[in-house]
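Subject: Structure for you to look at

Hello,

Here is the structure I promised to pass on. Please open it next to this email and follow along.

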Amino acid sequence: MNTPRKPFRLNVGFIVNNDVGFSTDFPFEFDKIKISEDLVLHNFLGNANIGRTPQGLLLTGQFEASLKLECARCLREFDQTIQWDITELFAFTEKSITDSGLLLPDDAQIDLTPMMRDYALLEVPIRPICKPDCKGLCSTCGQDLNKKDCGHRTDSDDSPFSVLKELLKNKPDA
């Protein structure tokens, strides 16, 4: 599917002019979409619902996508699926602004791109792991232990805390 120039820019003027309680859906589906320089998502699916309230336009949405990450253990690239929900209010007036500080622009065009980026990045794991039983790399030779065991074993005395074990052994009983 082709990606338009600004796929998350929505004209919501028709919602503003409707009665309180009116809402409409904005479905999204992209094979690949570049949200920002640091975030490219694949298999992007989602739906944004924007409804009219007395204070402003309430955005609720559910989204899912995958992205390429590098495993923190074995350094292989893998696909990670992320999911996120959004609930935000675009206020009509300064008096109705919530903690997020979103105010409906005069032209009734809202751009969800910065919000999509922020919410998606919050779902990216800090230490991504390709699979729960990933063995990582050998600290001696760098061999990927998921592919082959190189035979090296880590010495437990290499730990900077090994000295503390000796102190506990020599502790007199109270």
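Below is what was found in it, going from the whole chain down to single residues.

**Overall picture**

Keep in mind that this is a predicted model. The protein has three helices and six strands. Along the sequence they follow the pattern β-α-β-β-β-β-β-α-α.

Now look at the overall dimensions. A compact globule of 174 residues would have a radius of gyration near 16 Å, while this protein has 25 Å. Its C-alpha atoms fill a box of roughly 75 × 50 × 25 Å along the principal axes. Of the 174 residues, 32% are buried. Take the contacts between residues at least 6 apart in sequence: 53% of them join residues at least 24 apart.

**The sheet**

Next, find the open sheet. Four strands form it, in the order S2-S3-S4-S5, with antiparallel pairing. Which strands stand at the edges? They are S2 (23–36) and S5 (77–91). Each has a single partner strand, so one side of each is left without a neighbour in the sheet. On average, neighbouring strands here are turned by 15° against each other, direction ignored.

**Aromatic rings**

The count comes to 10 aromatic pairs. Two of them are worth a look.

Start with Phe-14 and Phe-22. Their ring centres are 6.4 Å apart. Their planes stand at 80°, and over 60° counts as edge-to-face, so that is what this pair is. Phe-14 is partly exposed at 40% relative accessibility. Phe-22 is partly exposed too, at 30%.

Then take Phe-30 and Phe-44. Here the centres are 6.0 Å apart and the planes are at 45°, so the pair is tilted. Phe-30 sits in strand S2 and Phe-44 in strand S3, so the pair ties together parts that are 14 residues apart in sequence. Are these two buried or exposed? Phe-30 is buried, at 7% relative accessibility. Phe-44 is buried as well, at 0%.

Both belong to one aromatic cluster, made up of Phe-8, Phe-28, Phe-30, Phe-44, Phe-63 and Trp-84.

**Cysteines**

How many disulfides does a search of the whole structure find? It finds zero. Look at Cys-138 and Cys-150 to see why this pair does not count: a disulfide needs sulfur atoms within 2.5 Å. The sulfur of Cys-138 has its closest cysteine sulfur in Cys-150, at 3.4 Å, which is too far for a bond. Cys-138 is buried, with 9% relative accessibility. Cys-150 is partly exposed, with 26%.

**A loop residue**

Last, go to Ile-126. This residue lies in the loop between H2 and helix H3 (162–169). At 84% relative accessibility, Ile-126 counts as exposed. Compare its position with that of Phe-8, a member of the aromatic cluster. Ile-126 and Phe-8 are 118 residues apart along the chain, and their C-alpha atoms are separated by 26 Å.

Best wishes

Note on methods: Residues are numbered from 1 along each chain as its sequence is written. This is a predicted model: local features need pLDDT of at least 70, side-chain atom pairs count only at pLDDT 80 or more; totals for chains, interfaces and linings use all residues. Side-chain values use heavy atoms; hydrogens and water are left out. Two strands pair if DSSP finds at least two bridges between them. Helices (H or I, at least four residues) and strands (E, at least two) are DSSP runs, numbered from the N terminus. Axes are lines fitted to C-alpha atoms, for helices over the stretch in contact, and angles run from 0 to 180 degrees between N-to-C directions. Rings of Phe, Tyr and Trp (its six-membered ring) pair if their centres lie within 6.5 Å; planes under 30 degrees apart count as stacked, over 60 as edge-to-face and the rest as tilted. Buried means under 20% relative accessible area, exposed over 50%, partly exposed in between (1.4 Å probe, protein chains only). The radius of gyration is taken over C-alpha atoms; the globule rule is 2.2 Å times the number of residues to the power 0.38. Contact means heavy atoms within 4.5 Å.
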